[in-house]
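Please look through the sequence and the structure shown here.

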Amino acid sequence: MNEVELTQLGIKDSRDLLNKKEISATELTNAYIQNIEESSKLNAFIEKTFDKALMQASKADKIIGTDSQKSLCGIPLGIKDLFCCKNVKTQAASDILENFIPPYESTVTQKLWNEQAIMLGKLNMDEFAMGSSNETSTYGPVINPWKSTGSHDSLTPGGSSGGSSAAVAANLCTGATGTDTGGSIRQPASFTGTVGLKPTYGRCSRWGIIAFASSFDQAGPITKNVTDSAIMLKAMSGFDPLDSTSAKIDVPDYEQALGKDIKGLRVGLAKEYGLQNGDSEANRKLEEAIKILKNMGAEIVEVSLPHTEFALPTYYVLAPAEASSNLARYDGVRYGHRAKLDTNDSILELYEKTRSEGFGTEVKRRILIGTYVLSSGYYDAYYKRAQKVRSLIKNDFDEVFKKVDIILTPTTPSSAFPLGSKGTQDPVEMYMNDIFTVPANLAGLPALSLPVGLDELGLPLGVQLIGNNWQEPLLLNTAFNLENTLAFENNPKKWWA
Amino acid sequence: MEIDTETVVKIARLSRIKINEGESVDIQKDLNRIVEFVRKLGEIDIDGIDEFNFGKTKIEDMRKDSVTIYDNTDDILKNTKNKNQDFFTVPKIVE
């Protein structure tokens with residue numbers, strides 16, 4: 001098998017070939033290394049750990065076929081730069097963490113290595129996961145492997161997990177980790193024709209993941225297909241004593257849940273999501289998915305989530321508030337960037353100059369707005385009120401899940417947009433991209449983006465499935481059924497090598 | 001209420017972020033745009049609604065408050081040039 005074909009395989013297919021000894025982990029790893037070396041124009045990998053990868057591959061080759069073999073033995077993965085990896089430079093794509101080398105490993109990545117996966121390197125992202133286009137990264141934006149038909153314009157791979165989505169779409173790794181605070185796994189997945197899953201809040205440990213908004217952040221996989229998502233999620237999930245918000249519940253075998261028929265499944269269509277764009281591409285893709293689900297015997301039920309219009313304003317109060325608190329730790333004292341000081345500068349100048357130089361514009365904006373909504377005199381009007389509206393949004397979902405098993409929505413209002421085209425004059429324009437994804441984060445619910453097909457520009461577009469708490473098996477199985485009928489092929493023309 | 005220049009200076013100080021005069025105008029404009037966007041929350045009746053939480057943490061699920069020894073100080077100090085023996089150095093704090 002030549003190297004191009006090898007790297008088109010996902011996690012499951014690679015695992016099968018490794019198990020049959022038709023390929024070796026070293027061969028597979030080298031094929032990905034070659035692809036990564038040729039992909040500098042995409043700007044997806046910002047730290048390469050090839051020596052480590054080849055050592056892990058060599059070890060995997062000795063283990064495969066023995067009793068010691070684990071679920072991801074010999075599978076090469078990419079890791080979003082938000083995950084701390086021991087002795088590997090980790091900066092959350094920010095200057096303030098300049099050359100930071102974590103002395104510890106995040107729980108999620110440790111679980112992947114315990115399952116004998118291979119680490120190819122760190123993936124680009126929006127600074128501190130704040131962004132929807134990858135343009136806030138200190139490393140510069142990732143370029144989407146997909147281009148509009150007949151155009152050479154560089155498109156966003158989405159954000160914040162844009163390095164992860166681009167790397168998976170461009171065959172630079174079998175799968176990648178992402179994190180999702182307001183849509184940062186699902187929106188990039190929709191823009192790149194990949195499968196992105198944000199698990200239920202508490203499914204995966206947040207320990208060692210650089211915090212943005214702690215009551216929203218969740219890690220999850222970005223993969224080529226639904227089966228790979230199930231395999232990777234199993235390895236990432238589980239209770240962790242180091243994160244008191246991780247849930248003490250059993251981890252299901254998500255892969256086992258795939259393939260069951262979905263006759264009688266009640267699928268909710270929220271009127272507040274589907275109809276506002278009228279005859280849009282996003283709605284046409286939604287219609288395609290509805291038709292398939294109906295043909296499979298699912299029941300389509302119109303439902304209402306009346307507080308949906310308040311979701312984005314709620315999010316843009318609460319997430320910056322939490323960020324302003326989480327990012328207070330970056331003071332230039334112990335690690336990362338420290339500003340050059342004048343002779344008479346005090347500790348206050350050390351903090352203020354370091355943070356001014358180290359944070360990018362969008363991150364500063366969010367720290368400032370977060371500080372404002374938490375400050376004396378404004379706390380009740382903004383923060384406290386938003387926390388109450390968050391309850392109303394959660395109640396909406398609780399009511400709807402009494403009537404349906406799953407909710408179907410578009411993932412994004414449109415397909416990938418050109419870099420530099422949004423949010424330059426008005427930050428709120430960029431925030432609107434998260435309109436369909438943010439509600440699941442506010443309610444802590446699991447949600448998955450599945451590619452449906454190409455739009456009239458020749459670009460991939462996804463639909464979103466939202467499930468009730470801990471219903472990832474149902475979510476994945478529904479997506480699996482849809483995927484089988486859609487037969488979407490993720491094969492962007494390889495212009496970058 | 002609109003965020004005025006004075007408020008920008010105040011929240012920048014609270015945030016420990018130095019803002020120069022050139023940046024201040026743009027920041028003020030952006031912050032006001034965001035505040036205008038989230039003002040929509042004022043339209044909603046929240047009487048009798050509790051603040052959101054994920055449910056109560058069960059005491060039995062919490063880890064024991066036991067001492068753990070962490071002694072790789074060297075690894076931690078590798079991340080800074082500003083150190084003296086096993087200590088971080090900062091500008092003089094006490095006169």
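Chain B has a mean pLDDT of 91, and 98% of its residues reach 70 or more. These are confidence values because the model is predicted, and pLDDT is the predictor's confidence in each residue. For the complex, the predictor gives an ipTM of 0.95 and a pTM of 0.97.

Begin with the interior. In soluble globular proteins, nonpolar side chains tend to be buried together. Here the largest nonpolar core has 155 residues, and L77(A), I118(A) and A167(A) are those with the most contacts inside it. Helix α11 of chain A, residues 311–326, supplies the largest share of this core, with nine residues.

Once its neighbours within four places in sequence are left aside, I118(A) still touches residues from several parts of the numbering. Among its contacts are A25(A), T29(A) and A53(A), and also Q56(A), A57(A) and A60(A). G74(A), I75(A), P76(A) and L77(A) are in contact with I118(A) as well. L77(A), in turn, is itself one of the residues with the most contacts inside the core.

Two packed helices are described by the angle between their axes and the distance between the axes. Within chain A, the axes of α11(A) and α13(A) come within 7 Å and cross at roughly 100 degrees. Angles from 65 to 115 degrees count as roughly perpendicular, so α11(A) is roughly perpendicular to α13(A). On the α11(A) side the meeting residues are V317(A), P320(A), A321(A), A323(A) and S324(A). On the α13(A) side they are R366(A), I367(A), I369(A), G370(A), T371(A), V373(A) and L374(A). By class, this contact of α11(A) with α13(A) has eight nonpolar, three polar and one charged residues.

Now turn to the boundary between the chains. How many residues of chain A are in contact with chain B? There are 50, and they are in contact with 39 residues of chain B. On the side of chain A that touches chain B, at least two residues each come from α11, α12 (347–358), α13 (361–374), α14 (380–400) and α15 (427–431). The largest share, 11 residues, comes from α14(A). Sorted by class, this side of chain A has 25 nonpolar, 10 polar and 15 charged residues.

One helix pair shows how the chains meet. The axes of α11(A) and α2(B) come within 8 Å and cross at roughly 130 degrees. P313(A), Y316(A) and V317(A) of α11(A) make the contact with I34(B), F37(B) and V38(B) of α2(B). The residues of this contact divide into six nonpolar, no polar and no charged. V317(A) also takes part in the meeting of α11(A) with α13(A).

Some places in the backbone deserve a look of their own. Most residues other than glycine have a negative phi, and most peptide bonds are trans. In chain A, a cis peptide bond joins G159(A) and S160(A), with omega about 10 degrees. S160(A) lies in the loop between β3 (118–123) and α6 (162–169) of chain A.

In chain B, R16(B) has a phi near 55 degrees, a positive value in a residue other than glycine. R16(B) lies in the loop between α1 (5–14) and α2 (21–38) of chain B. Q85(B) also has a phi near 55 degrees, and lies in the loop between β1 (83–84) and β2 (87–88) of chain B. Is each of these residues buried or exposed? Q85(B) is exposed because it has 6 other C-beta atoms within 10 Å, and 12 or fewer is the cut-off.

A339(A) lies in the loop between α11 and α12 of chain A. With 18 C-beta neighbours inside 10 Å, A339(A) counts as partly exposed. Leaving aside its neighbours within four places in sequence, A339(A) is in contact with G332(A), L350(A), K353(A), T354(A) and E357(A). A339(A) and I96(A) are 243 residues apart in sequence, yet 9.8 Å apart in space, C-alpha to C-alpha. I249(A) sits in the loop between α8 (226–236) and β7 (266–270) of chain A, and is partly exposed, with 13 other C-beta atoms within 10 Å. From I249(A) to R203(A) there are 46 residues in sequence and 8.5 Å in space, C-alpha to C-alpha.

Key. Residues are numbered from 1 along each chain as its sequence is written. Chains are lettered from A and ligands numbered from 1 in the order in which they are written. This is a predicted model: local features need pLDDT of at least 70, side-chain atom pairs count only at pLDDT 80 or more; totals for chains, interfaces and linings use all residues. pLDDT is the predictor's confidence in each residue, from 0 to 100. A nonpolar core is a set of buried Ala, Val, Leu, Ile, Met, Phe, Trp, Tyr and Cys residues joined through C-beta atoms within 7 Å. A residue is buried if 20 or more other C-beta atoms lie within 10 Å of its own, exposed if 12 or fewer, and partly exposed in between; C-beta atoms are placed from the backbone. Helices (H or I, at least four residues) and strands (E, at least two) are DSSP runs, numbered from the N terminus. Two residues are in contact if their C-beta atoms, placed from the backbone, lie within 7 Å. Ala, Val, Leu, Ile, Met, Phe, Trp, Tyr, Cys and Pro count as nonpolar, Asp, Glu, Lys and Arg as charged, and the others, Gly among them, as polar. Axes are lines fitted to C-alpha atoms, for helices over the stretch in contact, and angles run from 0 to 180 degrees between N-to-C directions. Angles under 35 degrees count as roughly parallel, over 145 as roughly antiparallel, 65 to 115 as roughly perpendicular and the rest as oblique.
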